[in-house]
Amino acid sequence: MFAVYKKELKSYFLSPIGYIAIGVFLFIFSLIFLLTTFNYGIYDMGNLYYSTAAYGLLIIIPIISMRAFAEERKSGTEQLLLTSPRSITEVVLGKFFAATTLIIIILAFSLIYYAILCFFKAPNLVTTLIAMLGFLLVAMAAISAGMFISSLTENQIIAAVLTFVLLFIPGLTGMFSALDLMNSYQKFPSGIISLTEVISLLAYMLMFILFTIIIMQRRKSIK
Amino acid sequence: MIEVKDVTKKYANITAVNDINFSVKDGEIVGFLGPNGAGKTTTMNMITGFIEPTEGQIIVNGYDISKKSKKAKKQIGYMPEGVPLYTEFTVKEFVNYMAELKLLKGEQKKNDVKKVIEETGLTSVENKLIRNLSRGYKQRVGLAGALVGNPAVIILDEPTVGLDPKQITEIRSLIKELGKNHTVILSSHILSEVSQICERVIIINKGKIVAVDTPENLEKKTKEKNTLIVTVEDPKGNMETLKEKVRQIEEVKLLKDNQDNTKQYSITSNEKVDLRKILFEVLPKEEITIFELKKNEVTLEDAFLKLIDLDKSQEQTNEENKTNKENKKEKKEIKEENKKEKREAKEKDKKEKQQKKEQKKRLKEESKKEKGGKK
């Protein structure tokens, strides 16, 4: 798993994707910082993370997850991966944790704003970290969904668009509210770790990781 | 040792590979030969565990590829068709990653990567991005990826496609070298390549194995008659009547009318008769001057085409048998005649199409070569 993980993480920064993801995150985070903290003096790190998760992840996650399997399939490198003595679970988890690490790196950048606020009055660090943890869990869940969609197609654009739809529609209609990740990011921003939210995010994550593994296994006999 | 037992691969409407059986011994170089779409790549993908057979079993060095896949895959180095590579990596990074995927660690990994890069002649470009390498080098990188970790079995899907002649000979000699310590399976539709490198050839057509033998035996097997090619000067036109004068001759065919008054004929006799001596005695008496006389060797190419043709005709006779049983005797003759006519027409069409295709291919290849030469 570690070999795949290392390679994937490296790939993010050998291609523009890693930088684009960081850039988009910082742009949206700054925008919200400007609109709330800067303009109205709303002194709430949790709100910053909440808003970025609601709008920013819709863009960041498809960018990160679209290539996971689609690119490998298109270029044929999937064959190298699947004929190596590594199990599909190892490959899927390696890719998943590489993307997770990218999110952690991105989150580290958000601490700049914490530092800025420290000049005036330091926000509660624990509350901020809990909000970040929640953000990470939501992002991980979204990545697992994106990875699953990427495993269905060999076209990265299709993967990105479908991932966007899967993340966007449930929040919009309320019909599929069970699939709306933001439903499970209500208490984190105010510094509360709710077991319900954690479990529902972990379940979402686990479900799509399993789906991805199953799809990859099944493709062996369909292909 | 690789054993492929009763393996079938079916897709929704097509049977890509149909009940094939063969085994490859340790240290053998085996070539898969077949026209495009014959099932070569599918078979290789099944041996390497990339896809699963619908039926049957594949055993690599004692491990079943679908049950003990990890152990079986460890035995195999695979270079897939089209040589897929992570182009954003440098050569060294790529080979290193392939080594890690193959569970190599620490000192052994380092040494192996270094050794393989040297073996494939990549030392001078090891720090270049794969994206910027030429086709020939990319092919070598793919080969290096397959070789790293010293797997017992090496499987190469069309390893010489798209290379220039010099690179082809290099890769070939490399493969031959590999054959000394590894079991090698390679696929190709270039016949001369297979006959040069491989100890045994497996000919596949339409998902079925048509023949398994050494290149020499295949040539012998499909050889039926002795054919001589003679170039003569024949001012009186006596060649046409030669068949009546020499009993052993079965056929005299004009091949080419050269500009310099000479003509090229093919003369066919029964396999046991050697016509060369007779021709030397008879032709001067007929006032025919021999310019050139040579044996027409059956090439692997002929063998291949013949085997595939045989395969086709067998299928047709099978079909005929089926239809015969179904039809009543009275209708039978008429229908058969009609069908034969249709078939013949179809065959003609097919042949014509094939010929045209081949011509186009040749033209393309020639123009490519010319371009290559200009470069």
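Which residues of helix H4 (residues 67–75) of chain A are buried? They are Arg67(A), Ala68(A), Phe69(A), Ala70(A), Glu72(A) and Arg73(A), where buried stands for under 20% relative accessible area, exposed for over 50% and partly exposed for anything in between (1.4 Å probe, protein chains only). Welcome to a short tour of a predicted model, in which local features need pLDDT of at least 70, side-chain atom pairs count only at pLDDT 80 or more, and totals for chains, interfaces and linings use all residues. Residues are numbered from 1 along each chain as its sequence is written, chains are lettered from A and ligands numbered from 1 in the order in which they are written, and side-chain values use heavy atoms, with hydrogens and water left out.

**Chain A: fold and dimensions**

- Chain A contains nine helices and zero strands; helices (H or I, at least four residues) and strands (E, at least two) are DSSP runs numbered from the N terminus.
- Along the sequence, the pattern of chain A reads α-α-α-α-α-α-α-α-α.
- Taken along the principal axes, the C-alpha atoms of chain A fill a box of roughly 60 × 40 × 25 Å.
- Just after H4(A) comes Gly76(A), with a positive phi of about 90°.

- Buried residues make up 55% of the 223 in chain A.
- Among contacts in chain A with a separation of 6 or more, 80% join residues 24 or more positions apart; a contact means heavy atoms within 4.5 Å.
- Chain A exposes about 9700 Å², and carbon and sulfur atoms supply 75% of that area; accessible areas come from the Shrake-Rupley method with a 1.4 Å probe, and for residues only the protein chains shown count as cover.
- There are 14 positive and 9 negative side chains in chain A, and the centres of the two sets lie 6 Å apart.
- In that tally Lys and Arg are positive, Asp and Glu are negative, and His and the chain ends are not counted; each charge is placed at NZ of Lys, CZ of Arg, CG of Asp or CD of Glu.

**Chain B: overall picture**

- Chain B has 12 helices and 14 strands.
- Chain B is divided into domain 1 (2–220) and domain 2 (224–295), with bounds that come from an automatic or database domain assignment.
- The centres of domain 1 of chain B and domain 2 of chain B, taken over C-alpha atoms, are 47 Å apart.
- Of its 375 residues, 42% are buried.
- For chain B, residues 24 or more positions apart provide 68% of the contacts with a separation of 6 or more.
- The accessible surface of chain B comes to about 21800 Å², with 46% belonging to carbon and sulfur atoms.

**Chain B: positive phi values**

- Asp19(B), found in strand E2 of chain B, has a phi near 50°, a positive value in a residue other than glycine.
- With a relative accessible area of 45%, Asp19(B) is partly exposed.
- Glu158(B) is not a glycine either, yet its phi is positive at about 45°.
- Glu158(B) sits in the loop between strand E7 (153–157) and helix H6 (165–178) of chain B, and its 13% relative accessibility makes it buried.

**Chain B: residues to look up in the viewer**

- Met98(B) belongs to helix H3 (residues 91–101) of chain B and is buried, because its relative accessible area is 4%.
- Not counting residues up to four places away in sequence, Met98(B) touches Leu80(A), Gly145(B) and Val148(B).
- Met98(B) and Asn13(B) are 85 residues apart along the chain, and 36 Å separate their C-alpha atoms.
- Tyr11(B) lies in the loop between strand E1 (2–10) and strand E2 (15–24) of chain B; at 27% relative accessibility, this tyrosine counts as partly exposed.
- Between the C-alpha atoms of Tyr11(B) and Pro159(B), 148 residues apart along the chain, the separation is 26 Å.
- Ile51(B) is in the loop between helix H1 (40–47) and strand E4 (55–60) of chain B, and counts as buried at 5% relative accessibility.
- Ile51(B) and Lys70(B), 19 residues apart along the chain, have C-alpha atoms separated by 14 Å.
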